[in-house]
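Thanks for coming. I have one structure to go through today, and I will start with a pair of side chains before I get to the whole chain.

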Amino acid sequence: DRLAKKIDAKPCTPARGMIPRDMETPVNESVRLAGQYNDHGEQVPRGVLQVVSDVPIEIAPEASGRRELAEWLTNSDSGAGVLAARVQANRVWYHLMGRGIVRTVDNFGHTGERPTHPALLDHLADELIQSGWSLKSLVRRVVLSRTFATSSRHDAAGHAIDPDNRLLWRAHRRRLDPETLRDSMLFASGQLNRAQLGSSVDYFSGERATEAGPNKTRRRTDFPNRSVYLPVIRNDLPELFDAFDFADPQCTTGMRPETLVATQGLFMLNDKTVMQAAEATARRIMQEESSPERCVERMFELILSDSATEPERSEFVAFQARTQLQLAEQGETDADVQAWAMACQAMFSSSRFQIVE
């Protein structure tokens, strides 16, 4: 009977993945007339953008052309290396400073903005090329500069001359991206696991990994690892990513949109993961400190990397005592923990935590 069941049982689906595969003999692509995949026009030989460089590249008939394209893209003599270096240097500057030297990060063309400091952009691009395209070297060069260390504090004289801060007389205030926001909450709570994570979608095994239609198995986001390891499924992003302007995974994005809307505040007040991080942070500060005043000081250190002023310390101590009493009267067993957790959650929701100055 058991043998008959094994014979009749459907065989297990072997492990598989959707990946591209090289053809044995590469071919040139045809123009799809009117965008129709099955209506072919003339063939276009493999090559590069002539608007960037009019020097042709040679691709052997048996080669796909990917290696030749990479070499052309980084060739600063006859290829696109100079333009690629300027674009890359501008993106590094944008991520570190909050604004690009060319503010239209995704558009270096005639319809984009001109660079505010063209000589600086050329200098950084040249340093990137001379360092062997080392991004670490370029980042180090920028973060050790005086401009990077400038305060975001308002100055009336500077604002009168340059209200848009194009001359960088102050630092730009920048909103934390959703990955950094999540990692910072996990770090404050002591839960962040900095170890590398393997597959974050290994539970989508077998047919579920490649089946068409909606995913019936909900993707997981409860990993304590850094947000870079969270699964990015195009039609099912993590809620935090959806709320806080994550890049559209269906297209290339150099500069993410920046919004400040009510749904983000509601998310911070109601999301389960935020509340769990706030409670874990509360338990951590209560374990590390004994007095309410020291708990407030430790909370400021963990969440804001700052010290509390005397008025702030007094206000939080009074809030915790008042809230603990109210929760205890309502029958809450861990009233002290929950009161501190509410204080931590309020700080997670504050602009002082979410915006880098």
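Glu288 and Arg284 sit four residues apart in helix 10, which is about one turn of the helix. They form a salt bridge, with their closest N and O atoms 3.1 Å apart. By salt bridge I mean a side-chain nitrogen of Lys or Arg within 4 Å of a carboxyl oxygen of Asp or Glu. Glu288 is partly exposed at 38% relative accessibility, and Arg284 is partly exposed at 22%. For these labels, buried is under 20% relative accessible area, exposed is over 50%, and partly exposed is in between, with a 1.4 Å probe and protein chains only. Arg284 and Glu288 also belong to a network of salt bridges that takes in Arg298 and Glu301.

Before I go on, a word on the source: this is a predicted model, where local features need pLDDT of at least 70 and side-chain atom pairs count only at pLDDT 80 or more, while totals for chains, interfaces and linings use all residues. Residues are numbered from 1 along each chain as its sequence is written, and side-chain values use heavy atoms, with hydrogens and water left out.

Back to helix 10, residues 272-288, where Glu279 and Arg283 are also four residues apart, about one turn. Their side chains meet in a salt bridge at 3.1 Å, N to O. Glu279 is partly exposed, with a relative accessible area of 26%, and so is Arg283, at 38%.

The closest N and O atoms are 3.2 Å apart. Arg67 is exposed at 63%, whereas Glu71 is partly exposed at 44%. Over the whole structure, the search finds 19 salt bridges.

Next, the backbone. Most residues other than glycine have a negative phi. Ser305 is not a glycine, yet has a positive phi of about 50 degrees. Ser305 lies in the loop between helix 11 (292-304) and helix 12 (310-329), and is exposed, with a relative accessible area of 64%. Leu168 also has a positive phi, near 60 degrees. Leu168 is found in the loop between helix 6 (156-161) and strand 3 (174-175).

Now the whole protein. The secondary structure comes to 14 helices and four strands. Helices (H or I, at least four residues) and strands (E, at least two) are DSSP runs, numbered from the N terminus. The radius of gyration is 27 Å, well over the 21 Å that the globule rule gives for 357 residues, so the protein is more spread out than a compact globule. That radius is taken over C-alpha atoms, and the rule is 2.2 Å times the number of residues to the power 0.38. Along its principal axes, the C-alpha trace spans about 85 × 80 × 35 Å.

How many of the residues count as buried? The figure is 33% of the 357. The accessible surface comes to about 23,200 Å², of which 52% belongs to carbon and sulfur atoms; the method is Shrake-Rupley with a 1.4 Å probe. Among contacts (heavy atoms within 4.5 Å) between residues at least 6 apart in sequence, 51% join residues at least 24 apart.
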